Amino acid sequence: MRDEEYIYGNTPCYLGSTDVSDDWKKAAGKDVLFYGVPWEGAVTWGDFTGCELAPKVIRLSSARYSGYLPELDHIDVKEHLTMGDAGDIDVVPSNVEETMKRIAAFAGRAWDSGAFPIALGGDHGITYPIVKALASKGKKVGIIHMDAHYDNNDSSMGDPYGRGAPFARLYETDGVRNESLVHLGIHGPRNKPENGRSAKEAGAVTLTLHDIRKNGHDLEAFADKVYAIASEQTDAVYLSICSDVLDHAFNPGGPIDGNGLHSHELLTLIHAFAKKGLIGMDYVEVYPQQDPNDFSSHFVTNAVLYALAGHYLSKA
């Protein structure tokens, strides 16, 4: 492996992509742009911590994979898409507001590159500044939010930008069409009654895990219906995935939530959404310290490749 294939230290560029971290001009013309957000906000829950380590471990895990997906009509993502790794955002662990500004500024440059940007979190708080940066470009944005939880608390124990609050902030964001914000896969008693009420009052759409399972005989047709909601009266649809939309059996490096999606259900939906047309995505809440075999970090690359296969087909 040549030196330029490392993004920093002994960490390879994600999926063997080109290092563009030292010069944004190198991102010009790339089809896909990866970047890491090694951020865990000011509020954590007990000893369940460490998602700021995920971008590094996800990159390390990605070195095992090609872009070839025989089950998707033998598509080779790397044959069709050029990819760059823009490195990690320089977060400030002691300063939440400054970090939000830095994420928004970095994401703004990623949007300006014209590439399909994929953010590797980090906690779910990163989605707010990323989407805010997109909306500031004059885009009317719809969001497909795949998660066990609404993440729409008014604050996370006093932090308005904490992992439990990004969608409350997005409800308030000019350019986000709340009626085209779909909370998808919501399930489990770690939600509170006020979360569902807040979503309804904001005009957002809730489709629970039960709604997905009711349509499990034809997930692609169901994905079309979800996408139709997210794309109505919008210019762009953004996909945000929290690892805990998966059942914990498939997600040992994420929050422990039972009765979640199986891996093939999540991958099928991701691919279907991307085929319809996404502007970008993030994947958040992977905790390598909870997962000695790094199963969840490895799974991120499967999700990314399914999204990129769909993205290519949407442009073909």
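## Helix packing and burial in a predicted model

Let's start with a pair of helices: α8 (residues 219-231) packs against α9 (residues 263-276) at an angle of about 50 degrees, and their axes lie 9 Å apart. Please keep in mind that this is a predicted model. At that angle, α8 and α9 are therefore oblique to each other, and their crossing is right-handed.

Which residues make the contact? On the α8 side they are Leu219, Glu220, Phe222, Ala223, Asp224, Val226 and Tyr227, while α9 contributes Glu265, Thr268, Leu269, Ala272, Phe273, Lys275 and Lys276. Sorted by class, the contact of α8 with α9 has eight nonpolar residues, one polar residue and five charged ones.

One of these contact residues, Phe222 of α8, also leads us to a neighbouring helix. Aspartate 211, found in helix α7 (residues 209-214), touches Phe222 as well as Thr206, leaving aside residues up to four places away in sequence. Is aspartate 211 buried or exposed? Its relative accessible area is 18%, under the 20% cut-off, so aspartate 211 counts as buried. For a sense of distance, the C-alpha atoms of aspartate 211 and glycine 122 are separated by 28 Å, and the two residues are 89 apart along the chain.

Now to helix α1 (residues 54-62). Seven of its nine residues are buried, so α1 is largely enclosed by the rest of the structure. The buried ones are Ala54, Pro55, Val57, Ile58, Arg59, Ser61 and Ser62. What covers them?

Finally, here is the protein as a whole. Its secondary structure comes to 10 helices and 13 strands. The radius of gyration is 18 Å, close to the 20 Å that the globule rule gives for 316 residues, so the protein is as compact as a globular protein of that length. Along the principal axes, the C-alpha atoms fill a box of roughly 55 × 45 × 40 Å.

How much of the protein is buried? Buried residues make up 59% of the 316 residues. As for how the chain meets itself, among contacts with a separation of 6 or more, 75% are between residues 24 or more positions apart.

Notes: Residues numbered from 1 in each chain as written. Predicted model: local features only at pLDDT ≥ 70, side-chain atom pairs only at ≥ 80, totals over all residues. Heavy atoms only, no water. Axes fitted to C-alpha atoms, helices over the stretch in contact; angles between N-to-C directions. Helix = DSSP H or I, 4+ residues; strand = E, 2+ residues; numbered from the N terminus. Parallel < 35°, antiparallel > 145°, perpendicular 65-115°, else oblique. Left-handed = near helix turned anticlockwise from the far one by under 90°. Contact = heavy atoms within 4.5 Å. Nonpolar A, V, L, I, M, F, W, Y, C, P; charged D, E, K, R; others polar. Rg over C-alpha atoms; globule rule 2.2 N^0.38 Å. Buried < 20%, exposed > 50% of the residue type's maximum accessible area, 1.4 Å probe, protein only.
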